[in-house]
Amino acid sequence: MYTLYSMQRSGNCYKVRLALTQLRIPYRLVEIDVLKGENRTPEFRAKNPSGRVPLLEVAAGRWLPESNAILWYIAGGTPLAPEDRFERAEALRWMFFEQNSMEPSIGAAYFWLTLVRGGRELKMHEIEGWTEAGYAALGLMEEHLEANRFFAADRYTIADIALYAYTHIADQAGFDLAGYPAIRRWLARVARQPRHVTMLEDVPGALVAAG
(Lines give C-alpha, C1' and ligand atoms only; values in the text may rest on other atoms or scores of the structure.)
Protein backbone atom coordinates (compact mmCIF):
# COMPACT_ATOMS: atom_id res chain seq x y z
CA MET A 1 0.00 0.00 0.00
CA TYR A 2 1.19 3.49 -0.80
CA THR A 3 1.93 5.96 1.99
CA LEU A 4 1.17 9.59 1.21
CA TYR A 5 2.73 12.37 3.28
CA SER A 6 0.39 15.28 2.80
CA MET A 7 -0.93 18.55 4.23
CA GLN A 8 -4.71 18.74 3.91
CA ARG A 9 -4.92 22.43 2.97
CA SER A 10 -2.16 22.24 0.35
CA GLY A 11 -3.35 22.37 -3.24
CA ASN A 12 -0.42 20.26 -4.42
CA CYS A 13 -1.29 17.57 -1.88
CA TYR A 14 -5.00 17.77 -2.71
CA LYS A 15 -4.25 16.86 -6.34
CA VAL A 16 -2.78 13.54 -5.26
CA ARG A 17 -5.53 12.70 -2.76
CA LEU A 18 -8.18 13.48 -5.38
CA ALA A 19 -6.53 11.28 -8.01
CA LEU A 20 -5.99 8.39 -5.60
CA THR A 21 -9.64 8.57 -4.57
CA GLN A 22 -10.97 8.74 -8.12
CA LEU A 23 -8.77 5.81 -9.12
CA ARG A 24 -9.95 3.81 -6.09
CA ILE A 25 -6.38 3.30 -4.90
CA PRO A 26 -6.16 2.65 -1.14
CA TYR A 27 -3.33 4.35 0.69
CA ARG A 28 -2.01 5.25 4.10
CA LEU A 29 -2.25 8.98 4.81
CA VAL A 30 0.25 10.78 7.07
CA GLU A 31 -0.58 14.43 7.76
CA ILE A 32 2.44 16.75 7.76
CA ASP A 33 1.91 20.28 9.06
CA VAL A 34 4.41 22.45 7.22
CA LEU A 35 3.30 25.47 9.25
CA LYS A 36 4.68 23.73 12.33
CA GLY A 37 7.87 22.68 10.55
CA GLU A 38 7.05 18.97 10.50
CA ASN A 39 8.48 18.81 6.97
CA ARG A 40 11.86 20.06 8.18
CA THR A 41 12.61 17.36 10.73
CA PRO A 42 15.64 15.12 10.10
CA GLU A 43 13.29 12.13 9.83
CA PHE A 44 11.23 13.70 7.05
CA ARG A 45 14.19 15.19 5.19
CA ALA A 46 15.79 11.75 5.14
CA LYS A 47 12.82 10.74 2.99
CA ASN A 48 12.74 13.93 0.90
CA PRO A 49 15.71 16.31 1.20
CA SER A 50 13.69 19.19 -0.28
CA GLY A 51 11.35 18.96 2.70
CA ARG A 52 8.27 19.32 0.50
CA VAL A 53 4.92 17.63 0.47
CA PRO A 54 3.31 15.72 -1.08
CA LEU A 55 5.62 12.77 -0.88
CA LEU A 56 4.56 9.27 -1.91
CA GLU A 57 6.21 6.13 -0.62
CA VAL A 58 5.63 3.76 -3.53
CA ALA A 59 7.47 0.82 -1.91
CA ALA A 60 9.50 0.29 1.22
CA GLY A 61 12.18 2.97 1.23
CA ARG A 62 11.31 4.22 -2.26
CA TRP A 63 10.05 7.81 -2.29
CA LEU A 64 8.54 9.94 -5.04
CA PRO A 65 8.19 13.73 -4.50
CA GLU A 66 6.59 16.43 -6.70
CA SER A 67 2.82 16.41 -7.09
CA ASN A 68 2.64 16.17 -10.87
CA ALA A 69 5.23 13.39 -11.05
CA ILE A 70 3.13 11.51 -8.50
CA LEU A 71 0.01 12.03 -10.62
CA TRP A 72 1.70 10.45 -13.64
CA TYR A 73 2.97 7.56 -11.54
CA ILE A 74 -0.35 6.61 -9.98
CA ALA A 75 -2.47 7.29 -13.09
CA GLY A 76 -0.31 5.37 -15.56
CA GLY A 77 -2.36 2.86 -17.52
CA THR A 78 -5.68 4.51 -16.60
CA PRO A 79 -7.92 6.90 -18.59
CA LEU A 80 -6.64 9.76 -16.43
CA ALA A 81 -3.20 9.55 -18.09
CA PRO A 82 -3.32 9.84 -21.91
CA GLU A 83 -1.33 7.21 -23.79
CA ASP A 84 -1.43 8.84 -27.23
CA ARG A 85 1.87 10.63 -27.82
CA PHE A 86 0.36 14.01 -28.67
CA GLU A 87 -2.32 13.86 -25.98
CA ARG A 88 0.31 12.96 -23.40
CA ALA A 89 2.41 15.94 -24.45
CA GLU A 90 -0.70 18.11 -24.32
CA ALA A 91 -1.37 17.03 -20.74
CA LEU A 92 2.26 17.66 -19.81
CA ARG A 93 2.09 21.11 -21.39
CA TRP A 94 -0.73 22.15 -19.08
CA MET A 95 0.83 20.50 -16.04
CA PHE A 96 4.08 22.42 -16.67
CA PHE A 97 1.96 25.55 -17.05
CA GLU A 98 0.30 24.81 -13.72
CA GLN A 99 3.59 24.60 -11.86
CA ASN A 100 5.24 27.50 -13.69
CA SER A 101 2.31 29.94 -13.84
CA MET A 102 -0.46 28.94 -11.44
CA GLU A 103 1.34 27.57 -8.40
CA PRO A 104 3.84 30.48 -8.07
CA SER A 105 1.05 33.07 -8.30
CA ILE A 106 -2.36 31.82 -7.13
CA GLY A 107 -0.79 29.01 -5.11
CA ALA A 108 1.64 31.36 -3.38
CA ALA A 109 -1.09 33.91 -2.68
CA TYR A 110 -3.32 31.20 -1.22
CA PHE A 111 -0.55 29.92 1.06
CA TRP A 112 0.64 33.26 2.40
CA LEU A 113 -2.69 35.09 2.55
CA THR A 114 -4.88 32.31 3.93
CA LEU A 115 -2.64 29.85 5.80
CA VAL A 116 0.21 31.85 7.28
CA ARG A 117 -0.62 34.13 10.22
CA GLY A 118 0.60 37.62 9.33
CA GLY A 119 1.41 36.46 5.81
CA ARG A 120 -0.17 39.49 4.15
CA GLU A 121 2.16 41.81 6.04
CA LEU A 122 5.18 39.59 5.46
CA LYS A 123 4.55 39.40 1.72
CA MET A 124 2.88 42.75 1.06
CA HIS A 125 5.40 43.58 -1.68
CA GLU A 126 4.70 40.28 -3.48
CA ILE A 127 0.93 40.59 -3.74
CA GLU A 128 0.84 42.84 -6.81
CA GLY A 129 3.09 40.45 -8.73
CA TRP A 130 1.05 37.42 -7.70
CA THR A 131 -2.14 39.18 -8.76
CA GLU A 132 -0.82 40.19 -12.17
CA ALA A 133 0.66 36.75 -12.92
CA GLY A 134 -2.40 34.93 -11.57
CA TYR A 135 -4.86 36.83 -13.71
CA ALA A 136 -2.63 36.35 -16.76
CA ALA A 137 -2.68 32.59 -16.15
CA LEU A 138 -6.45 32.59 -15.67
CA GLY A 139 -6.81 34.46 -18.95
CA LEU A 140 -4.94 31.75 -20.84
CA MET A 141 -7.04 29.05 -19.19
CA GLU A 142 -10.24 30.91 -20.04
CA GLU A 143 -9.21 31.22 -23.69
CA HIS A 144 -8.54 27.48 -23.90
CA LEU A 145 -11.76 26.53 -22.16
CA GLU A 146 -13.89 28.70 -24.41
CA ALA A 147 -13.25 26.09 -27.11
CA ASN A 148 -12.54 22.96 -25.02
CA ARG A 149 -14.36 21.17 -22.23
CA PHE A 150 -11.13 19.91 -20.65
CA PHE A 151 -7.40 20.60 -20.99
CA ALA A 152 -6.09 17.53 -22.80
CA ALA A 153 -7.27 14.54 -24.82
CA ASP A 154 -10.81 15.98 -24.99
CA ARG A 155 -11.62 14.37 -21.64
CA TYR A 156 -10.99 14.63 -17.91
CA THR A 157 -7.35 13.80 -17.13
CA ILE A 158 -4.68 14.47 -14.55
CA ALA A 159 -4.05 17.77 -16.35
CA ASP A 160 -7.46 18.91 -15.12
CA ILE A 161 -6.74 17.63 -11.62
CA ALA A 162 -3.45 19.56 -11.56
CA LEU A 163 -5.07 22.82 -12.66
CA TYR A 164 -8.19 22.40 -10.55
CA ALA A 165 -6.30 22.26 -7.26
CA TYR A 166 -5.48 25.96 -6.97
CA THR A 167 -8.02 27.36 -9.43
CA HIS A 168 -11.01 26.18 -7.40
CA ILE A 169 -9.74 28.06 -4.31
CA ALA A 170 -8.48 31.13 -6.18
CA ASP A 171 -11.25 33.24 -4.67
CA GLN A 172 -9.84 32.56 -1.19
CA ALA A 173 -6.62 34.26 -2.33
CA GLY A 174 -8.45 37.32 -3.63
CA PHE A 175 -8.93 36.33 -7.28
CA ASP A 176 -12.36 37.15 -8.70
CA LEU A 177 -13.55 34.48 -11.17
CA ALA A 178 -16.75 36.34 -12.07
CA GLY A 179 -15.23 37.41 -15.39
CA TYR A 180 -14.15 33.87 -16.31
CA PRO A 181 -17.35 31.98 -17.20
CA ALA A 182 -15.57 29.20 -19.09
CA ILE A 183 -13.37 28.49 -16.07
CA ARG A 184 -16.40 28.44 -13.79
CA ARG A 185 -18.19 25.95 -16.07
CA TRP A 186 -15.05 23.79 -16.14
CA LEU A 187 -14.77 23.89 -12.33
CA ALA A 188 -18.34 22.63 -12.14
CA ARG A 189 -17.58 19.83 -14.64
CA VAL A 190 -14.59 18.72 -12.59
CA ALA A 191 -16.63 18.76 -9.38
CA ARG A 192 -19.19 16.46 -11.03
CA GLN A 193 -16.63 13.77 -11.88
CA PRO A 194 -17.18 10.38 -10.21
CA ARG A 195 -15.73 10.03 -6.69
CA HIS A 196 -14.84 13.71 -6.47
CA VAL A 197 -13.80 14.85 -3.00
CA THR A 198 -13.23 18.35 -1.72
CA MET A 199 -9.94 19.61 -0.31
CA LEU A 200 -11.13 19.46 3.31
CA GLU A 201 -13.17 16.27 2.99
CA ASP A 202 -12.04 13.05 4.65
CA VAL A 203 -10.89 10.78 1.86
CA PRO A 204 -12.63 7.41 1.47
CA GLY A 205 -10.14 4.55 1.39
CA ALA A 206 -7.37 6.44 3.17
CA LEU A 207 -5.91 4.82 6.27
CA VAL A 208 -5.00 7.78 8.45
CA ALA A 209 -1.86 7.41 10.52
CA ALA A 210 -0.07 9.68 12.95
CA GLY A 211 2.67 11.89 11.54
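Trainee: How many salt bridges does the rule find across the interface of domain 1 and domain 2?

Mentor: A salt bridge is a side-chain nitrogen of Lys or Arg within 4 Å of a carboxyl oxygen of Asp or Glu. Across the interface of domain 1 and domain 2, the rule finds one. Glu98 forms a salt bridge with Lys15, and their closest N and O atoms are 2.9 Å apart. Please note that this is a predicted model, in which local features need pLDDT of at least 70, side-chain atom pairs count only at pLDDT 80 or more, and totals for chains, interfaces and linings use all residues. Residues are numbered from 1 along each chain as its sequence is written, and side-chain values use heavy atoms, with hydrogens and water left out.

Trainee: Where do the two domains lie in the chain?

Mentor: Domain bounds come from an automatic or database domain assignment. Here, domain 1 covers 2–77 + 196–209, and domain 2 covers 85–192. The C-alpha centres of the two domains lie 20 Å apart. The contact (heavy atoms within 4.5 Å) takes 20 residues from domain 1 and 23 residues from domain 2.

Trainee: What area is buried between domain 1 and domain 2?

Mentor: The size of an interface is often given as the accessible area lost when the parts come together. Buried area is the accessible area (1.4 Å probe) that two parts lose on being put together, summed over both. Between domain 1 and domain 2 this area is about 1700 Å², with carbon and sulfur atoms giving 66% of it. Within domain 1, Arg9, Trp72 and His196 lose the most area to domain 2, together 33% of what that side buries.
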